[in-house]
Amino acid sequence: MADPDVPQADARAELAVEIVGLHKWYGEFHVLRDINLTVTRGERIVICGPSGGGKSTLLRCINRLEDWQRGRVVVDGIELTDDPKHIVAVRRDVGMVFQQFNLFPHLTVLENCTLAPIWVRHMPKKDAEELAMRYLTRVKIPEQAQKYPARLSGGQQQRVAIARALCMSPNIMLFDEPTSALDPEMVKEVLDTMVELANDGITMLVVSHEMGFARQVADRIIFMDDGQIVEINEPKTFFAQPQHERTRLFLQQVLR
Amino acid sequence: MAIPAEQTYLRTVPAERLPPPAERAGALGWLRKNLFSSPGNIALTFVCVVFLAWTVPPVLRFFIFNAVWSGTDREACLASPANRDPGACWAFVRVWFSYFVYGFYPIVERWRVDVFFLTLAFGIGWLAWLSAPRRDLGAVYFFVVLPVLSYMLLSGAPRLGLIDIPTALWGGILVTIVVATVGIAVSLPLGILLALARRSDMPAVRVFAVTFIEFVRGVPLITVLFMASVMLPLFVPERLSPDKLLRALIGVALFASAYMAEVVRGGLAAVPRGQYEAAQSLGLPYWRMMAFVILPQALRVTLPNIVNTFIGLFKDTTLVFIVGIFDFLGTIEAARADPRWATPITSVTGYAFATLFYFICCYGMSRYARNVEIRLARAHRR
């Protein structure tokens with residue numbers, strides 16, 4: 001099944017994500033302005049900043065849920081172009097977790113997890129189910145496997161969404177505000193799952209307002225405002241001595 | 001400022017969990033609550049009872065108690081000293097029944113139509129029974145095996161010893177069922193394709209779908225049928241021109257597809273964007289995303305509308321009569337003109353029979369759809 005036309009993700013490439021001179025417009029509105037970012041393998045990045053600053057849009061460019069007008073994005077050695085083969089190859093290699101979970105409501109938890117392994121990786125059903133149960137155990141909800149998503153709490157649904165993404169054995173995980181839609185009591189269970197994942201060494205990019213999480217796991221924190229990357233720093237410096245005026249203002253608002 | 005002690009509270013004993021209070025039980029309680037709760041309600045109940053008393057007995061008298069159940073010609077259904085006020089002339093329906101079912105299909109070959117009905121019922125049953133085994137095979141049977149089998153059975157396969165029966169001899173319920181089944185079986189998949197095409201990113205595909213849908217929807221079905229049966233032969237040489245029934249089938253199927261496309265599009269629009277994004281982010285290519293994630297949800301949302309379109313299509317099949325094809329209603333029209341059965345009530349009886357047939361079929365579809373809806377809702381919510 002090695003089709004020479006289909007680009008293969010290179011999991012040993014030094015750079016997991018490389019973004020050069022990225023610009024994006026929504027109509028007249030310049031949402032992403034001159035984004036340059038390289039993420040090395042195994043790095044854990046947290047992206048924070050005020051709403052409407054372009055954080056989610058940037059994250060969604062990495063698996064091409066959003067397109068852009070200028071600049072280039074290379075993920076695990078595959079350049080994202082308009083070629084659907086490149087796009088699918090990147091998406092197989094990059095897992096994503098959404099704010100609204102986006103589980104498939106007509107499928108059971110187990111079927112949610114096995115769908116892509118069976119129909120994208122062509123895995124036999126039995127193997128896919130074993131794999132899914134392994135990841136569901138890892139996010140600590142194997143007993144919910146036969147239920148439909150609507151019967152689960154928000155925190156449980158988000159953990160299923162994480163398991164579903166992990167079932168594709170991604171090299172990179174994207175998290176788009178994974179705890180913003182959760183009741184306060186459920187935030188911790190999801191963050192704990194993510195911390196565990198971070199400790200396993202997977203490359204992670206997380207858009208989040210959870211500053212405690214950022215402090216605990218991030219290798220670097222990116223602060224975005226108004227479509228630009230304003231500051232990138234390691235957590236210690238970022239919280240103790242933010243360099244940019246805008247960052248200081250933001251941190252004053254969120255850390256009270 | 002200190003809050004007064006009576007405004008703070010600390011629970012010390014948990015509140016007991018109680019069963020809900022009992023309704024006023026029994027039939028009497030139900031009556032009082034639903035039929036006699038207020039003066040207006042009492043008046044409405046009274047009006048309804050009077051209306052039923054006024055309409056139901058005459059209807060029963062006409063269709064059952066005074067009806068004529070057997071006889072060989074019009075004499076049986078005319079007023080006579082024995083039956084001064086004859087009701088429905090079911091004897092007429094009994095005598096003509098096989099014509100209503102088969103049309104002019106040769107009598108010795110009618111077993112082929114019966115086999116067709118059985119194989120079709122088997123296919124519908126297989127697909128309609130949601131927990132039936134191997135429904136994927138059922139779909140193959142219904143959409144591949146059944147059409148080929150039916151064609152050989154009904155139209156003929158000389159090599160297998162089934163003589164050719166020209167479609168001009170087909171008629172009655174046979175034709176109605178063939179037109180409706182082909183219309184339904186073609187319009188759903190074709191409608192889905194058109195709906196997807198209409199939402200496609202590719203301009204050429206989108207323009208084609210929009211043009212087709214808007215054109216077909218902007219024209220009455222009768223016009224489509226006339227074009228298929230009268231105008232097509234003018235432009236196509238006689239020997240290349242397809243069979244009359246086939247032309248009508250194509251017309252009905254394309255017409256229904258355009259309507260189905262709009263129904264399915266409504267369902268597609270109801271699926272949240274996040275579902276597309278989640279499927280894409282897992283690397284599912286377009287067709288697999290549609291087949292496993294989007295369409296199952298879209299069709300579920302729009303199931304009542306789909307069945308509504310099916311029911312409309314089923315009744316629209318009567319229009320093929322206009323282009324000279326003897327569907328069920330057509331055979332009734334022909335039979336009621338028979339002078340041997342010329343009585344004042346022959347036509348009424350014939351139409352009543354047609355009404356009964358169409359109602360049973362359409363109400364059956366409607367009930368089935370309702371059951372599926374309830375079942376799906378129960379399975380996927382709580």
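This is a predicted model: local features need pLDDT of at least 70, side-chain atom pairs count only at pLDDT 80 or more; totals for chains, interfaces and linings use all residues.
Residues are numbered from 1 along each chain as its sequence is written, and chains are lettered from A in the order in which they are written. Local features need pLDDT of at least 70 and side-chain atom pairs count only at pLDDT 80 or more, whereas totals for chains, interfaces and linings use all residues, and side-chain values use heavy atoms, with hydrogens and water left out.

Between chain A and chain B the count is one salt bridge, defined as a side-chain nitrogen of Lys or Arg within 4 Å of a carboxyl oxygen of Asp or Glu. Arg60(A) forms a salt bridge with Glu277(B), the closest N and O atoms being 2.6 Å apart.

Glu277(B) is one of the buried residues of helix 10 of chain B, buried meaning under 20% relative accessible area, exposed over 50% and partly exposed in between (1.4 Å probe, protein chains only). Seven of the nine residues of this helix (residues 273-281) are buried, so helix 10 of chain B is largely enclosed by the rest of the structure. Its cover includes helix 1 and helix 5 (154-166) of chain A, together with helix 9 (244-269) and helix 11 (286-301) of chain B.

Over all chains the structure holds 28 salt bridges, and three of them are tabulated here.

| Pair | N to O distance |
|---|---|
| Arg41(A) and Asp76(A) | 2.4 Å |
| Glu262(B) and Arg198(B) | 2.9 Å |
| Asp338(B) and Arg340(B) | 3.2 Å |

Arg41(A) counts as partly exposed at 28% relative accessibility, whereas Asp76(A), at 0%, counts as buried. Glu262(B) lies in helix 9 of chain B and Arg198(B) in helix 6 (residues 172-198) of chain B, so this pair ties together parts that are 64 residues apart in sequence. Asp338(B) is buried, with a relative accessible area of 8%, while Arg340(B) counts as exposed at 56% relative accessibility.

How values were computed. Helices (H or I, at least four residues) and strands (E, at least two) are DSSP runs, numbered from the N terminus. Contact means heavy atoms within 4.5 Å.
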